[in-house]
Amino acid sequence: MVSIKVDKTRCTGHARCAAVAPEIYELDDVGYLGFEQRTVPAEQRAQAVRGARACPERAITVDDEDPDRGAT
Amino acid sequence: MSVETSRPAGAVHDAPPHVPGELVRAFDFAFGSGTKSAPHVGLAALHDGPRTFFNVGDPYNPPGWVPVRGDDIRLILQDPATFSARKSVRFSALIGEDWDLIPAETDPPQHTDYRTMLAPAFSPKRMSDLDGRVRERAVDLVEQLRGQTSCEFMQAFGRAFPVYIFLSLMGLPSENIELFSKWMHDVLHGEDMAARSRGATEVAAYLRKAGDERRGQSDDDLITIVVNSKVKGRPLTDDEIIGALFLIFGGGIDTVAASLGFIFLHLARHPELQAQLRGDPSLVGDAVEEFLRRYSLVSVRRQVLRDVEAAGVAMKQGDWVHLMTPLASMDPDEFPDPLALDISRSPNRHTAFSYGPHRCIGSHLARRELVIALEEWLPRLPPFRLANGDAYRTHGGLLGVDWLNLVWD
């Protein structure tokens, strides 16, 4: 499993995570990320990292790795 | 640290004594060299200079720090407790008044209340619901060009389209396109302060009257939503209402018009990119992201609330800091070969819509407008190119395109 953590204080609703990986990053009604932590199956890791790297605010980490370096 | 002040050629302000002399520069963002043909090229060159400089050469802004690196710009914009947005735009001062743009000229926690109030009206979901209306307006304008073989793009589409969408969202009659196009120009790009002030006075009077007429109504246009909104359980004051309505006017039209201008100017010079997008419309979304990066437009400023070390320099309480989204979007550390337009860049974490709590509230609408403009224009009209001669002119400051003459066969 792959763990995704969201720093909700940093999420300002750019919605880029959902634009590149909508099945993982579900937004609330107003357009902010709707969760602080979730796990997804290992085969979704590349998508999870893609969404994290798309975040302009650097609010998302996947498995505690820096999303800029995160393996795919 | 040097204590003597320094006044380089072109300076229109003095630097305060705490600024090291070697960091003082006079850079005229509005009228500096190259702003009439390629303002981004001049801005990109700032990455060859110091990490942060102190600008005394901008006649339209107070002197202040200019960090050039994307990371520095981001960290400052993410830190409203140190860098305040209060009184950072001041449209109200243009007309001798003293209201804040809501929420742009407020700081958390007050900012959070206003943002919470307005966010649902601009959410990605609500913008998808409006897609049909936006598309209809684009088709309407493009169809008027069928049969022609040339146009001045900014008048025919670049300004008209976002004004049209603005009027539609605000519930205002579409015959006002010319009027609001003129006001937008006067307020943001007027030749002198008198023209800007006159424009702002007229816009404020119009919006106030429209607001008064909609109190207690229940339509879903933005004016009705704003005037009947509550913040912390109380109705908005008159100043809060004009502050919010003026922000939608000031933030939502000119930026999209300018983006469309730069996009179509770029496409006119790159027939191969036009062909690529016509051949595979699924690329339009990625192309728009890259256009937003390569042609980021907006600059904002913040005021330092306490002495702080930031972006590699010692800032003092009261200093202004100018945060230029084009500089962050063209940072070569994040975007190799930043002046190259490459629609396959991934990730493309550009900063066209800024960072932090003031992230452009209209970003989801702006993206849809740009995507829809390309999706509806490209299949309807033949490949276009620049007209002969003096085909276009751009401007610095709040970056944009004055005119753009296109021709096609």
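## Packing of helices 10 and 12 in chain B

In this predicted model, helix 10 (residues 193-213) of chain B packs against helix 12 of chain B at an angle of about 120 degrees, and their axes are 10 Å apart. The crossing of helix 10 of chain B past helix 12 of chain B is right-handed.

Which residues make this contact? Helix 10 of chain B contributes B:A200, B:V203, B:A204, B:L207 and B:R208, while helix 12 of chain B contributes B:I242, B:L245, B:F246 and B:F249. The spacing of such residues can be read with a general rule in mind. An α-helix has 3.6 residues a turn, so residues three or four places apart point the same way.

## Helix 12 of chain B

Helix 12 of chain B covers residues 238-252, which is 15 residues. From its first C-alpha to its last, helix 12 of chain B reaches 21 Å, close to the 21 Å expected at 1.5 Å a residue.

Is helix 12 of chain B mostly covered or mostly uncovered? Helix 12 of chain B is mostly covered, with 11 of its 15 residues buried. The buried residues are B:E240, B:I241, B:I242, B:G243, B:A244, B:L245, B:F246, B:L247, B:I248, B:F249 and B:G250. Among them are B:I242, B:L245, B:F246 and B:F249, which take part in the contact with helix 10 of chain B.

## Strand 14 of chain B and its partners

Strand 14 (residues 400-408) of chain B runs antiparallel to strand 5 (residues 150-152) of chain B, and three bridges join the two. Within this pair, B:C151 has B:L406 as its bridge partner in strand 14 of chain B. Strand 12 (residues 384-386) of chain B also pairs with strand 14 of chain B in the antiparallel sense, over three bridges. Here the bridge partner of B:R385 in strand 14 of chain B is B:V407.

Strand 13 (residues 392-395) of chain B is joined to strand 14 of chain B by four bridges, and these strands run antiparallel. Strand 13 of chain B and strand 14 of chain B form a hairpin with four residues between them. In the turn, B:G397 has a positive phi of about 70 degrees.

B:D107 is found in the loop between helix 3 (91-94) and helix 4 (110-118) of chain B. Buried means under 20% relative accessible area; B:D107 has 13%, so B:D107 is buried. Leaving aside residues up to four places away in sequence, B:D107 touches B:S84, B:A85 and B:R86. B:D107 and B:I242 are 135 residues apart in sequence and 18 Å apart in space, C-alpha to C-alpha.

B:R74 lies in helix 2 (residues 70-77) of chain B. With a relative accessible area of 9%, B:R74 is buried. Not counting residues up to four places away in sequence, B:R74 touches A:R10, A:P56, A:E57, A:R58 and B:Y355.

## Chain A

Chain A has two helices and three strands, which follow the pattern β-α-β-α-β along the sequence. Of the 72 residues in chain A, 47% are buried. Among contacts in chain A between residues at least 6 apart in sequence, 57% join residues at least 24 apart.

Definitions and conventions. Residues numbered from 1 in each chain as written. Chains lettered and ligands numbered in written order. Predicted model: local features only at pLDDT ≥ 70, side-chain atom pairs only at ≥ 80, totals over all residues. Heavy atoms only, no water. Expected span 1.5 Å × (residues − 1). Buried < 20%, exposed > 50% of the residue type's maximum accessible area, 1.4 Å probe, protein only. Pairing = 2+ DSSP bridges. Axes fitted to C-alpha atoms, helices over the stretch in contact; angles between N-to-C directions. Left-handed = near helix turned anticlockwise from the far one by under 90°. Contact = heavy atoms within 4.5 Å.
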